[in-house]
Amino acid sequence: MRVYFELATVIFILLFVSNFTRNKLFMMIASFISMGFMAFITGTRFSLGGYDYQNYAFFYDNVIAIHKLDLGEFFSTEKIIGDDRGWYILNSIVKASGLNFFALTMTVSFLFMIVVWWVIRKYLENEMLIPVTFLGFYFLDVGFVYMRQSIAIAIFALSIRFLIGNKRNAFMYFGLITIAATVHFSAFVLYPLWFFTKVTWTKRGARDTVLIGSLLFILPVLGVKFDNVISRFGGLIGGNGGSKITEVGVRYAAGMVNPMHLIIFLLLSFFAIRAINDKENNEVQNGFMWIFMMLLPIYTIFAGTEIIIRNQFYFYLAIPVLLDFALRRFKEGSKVVLTSGYLILCLALMFKFAISFDDGELTAYINFIQNDMNIFDDYRLY
């Protein structure tokens, strides 16, 4: 895990310096370097990511290049969202370049990391909160495993400017979310956000919502599930995605009830709520508060349904923004302590995932460059 420690060291140093400077150029460069380092690590990984990595490699090797694809027939054969046609098109475009699967992993990693960084940094005073958040919530799991969803998350990030603030635009928001859903069908859960974000949060309303919502965690603990309700939406999606939703009660019968997610949410919600100003509504802060609050039902009433838990990654985008708003209310010394504590939390989450995923597969990091390979090789993993 040497490369992970090197990454953590770089981010720690840059975060520490960022706490003592308000130079926007430095923080932009520092956060960009951190995100680029992560994108390089995930993009050049070799055969790491479990069964998903194998599926992606096999899929890419069998994709038809875009210039050889009959687009009319392609879009008419199946439902666009359920069969992830957008993901196929991305693979097809990279395939047309004549490059191998490693080119796809690099393309996806850099698109994901850089697009999200570029969007979210515009809302922050301390941009280093983005790579710190990525360490704990995105780097290994999304970056190494969930390639399709990482692109859907990046598209969702692009849609945020049309969801909140003075550039709110229904046509652009729903259009981008629909494109995201063609890459990974889970993005359909983002449609309702449009109708929530114009409602203003108050400190009391947020506290009561978190308190009452947290108590609902007792439902999955007692074995209460909502699989039948979720499965009814399968027919609306169609394709492989619809089949997964329809069969959710069978495919994900075991589920995963993990109170750690809820505990971390409660910790972060303390700071998010503290930053709310009842006397002055900040549309950006309020919008990101809604995005953040979407985590609550995932960690409570749906905590026993794995297919819903995977939607958490969309809503993590709100964490660095809300923390940044909260930190503006603290003195400089307190900011250093709090950001350092947040970094420790994210590092703990990162290493926990590395150790637990597929019996520690990710702890032995290797990339294709170490294997004397490159993106131009005539190489097929399978």
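A salt bridge here is a side-chain nitrogen of Lys or Arg within 4 Å of a carboxyl oxygen of Asp or Glu. With that in hand, here are some notes on the structure above.

1. First, the ground rules. This is a predicted model, in which local features need pLDDT of at least 70 and side-chain atom pairs count only at pLDDT 80 or more, while totals for chains, interfaces and linings use all residues. Residues are numbered from 1 along each chain as its sequence is written, and side-chain values use heavy atoms, with hydrogens and water left out.

2. Salt bridges. A search of the whole structure turns up 8 of them. E127 pairs with R121, their closest N and O atoms being 3.1 Å apart. E127 is buried at 0% relative accessible area, and R121 is also counted as buried, at 15%. (Buried means under 20% relative accessible area, exposed over 50%, and partly exposed in between, with a 1.4 Å probe and protein chains only.)

3. Two further pairs. R328 forms a salt bridge with D324, with 2.7 Å between the closest N and O atoms; R328 is partly exposed at 33%, whereas D324 is buried at 3%. Shared partners also join K24, R121 and E127 into one salt-bridge network. In helix 1 (residues 2-18), E6 and R2 sit 4 residues apart, about one helical turn, and their closest N and O atoms are 2.9 Å apart in a salt bridge.

4. Overall fold. The protein chain has 24 helices and 0 strands; helices (H or I, at least four residues) and strands (E, at least two) are DSSP runs, numbered from the N terminus. Buried residues make up 54% of its 382 residues.

5. The core. A nonpolar core is a set of buried Ala, Val, Leu, Ile, Met, Phe, Trp, Tyr and Cys residues joined through side-chain atoms within 4.5 Å. The largest one has 129 residues, with Y4 and F139 making the most contacts inside it. Helix 6 (residues 101-120) gives the most to this core, 11 residues. Leaving aside residues up to four places away in sequence, F139 touches Y4, L7, M38, I41, T42, M113, F134, F144 and M350, a contact being heavy atoms within 4.5 Å. Another core, of 5 residues, lies apart from it and includes V63, F74, Y88 and I89.

6. D359 is not a glycine, yet its phi is positive, about 55°. D359 lies in the segment after helix 24 (332-356) and is exposed at 80% relative accessible area. D372 is found in the segment after helix 24 too, with a positive phi near 55° and 71% relative accessibility, which counts as exposed.
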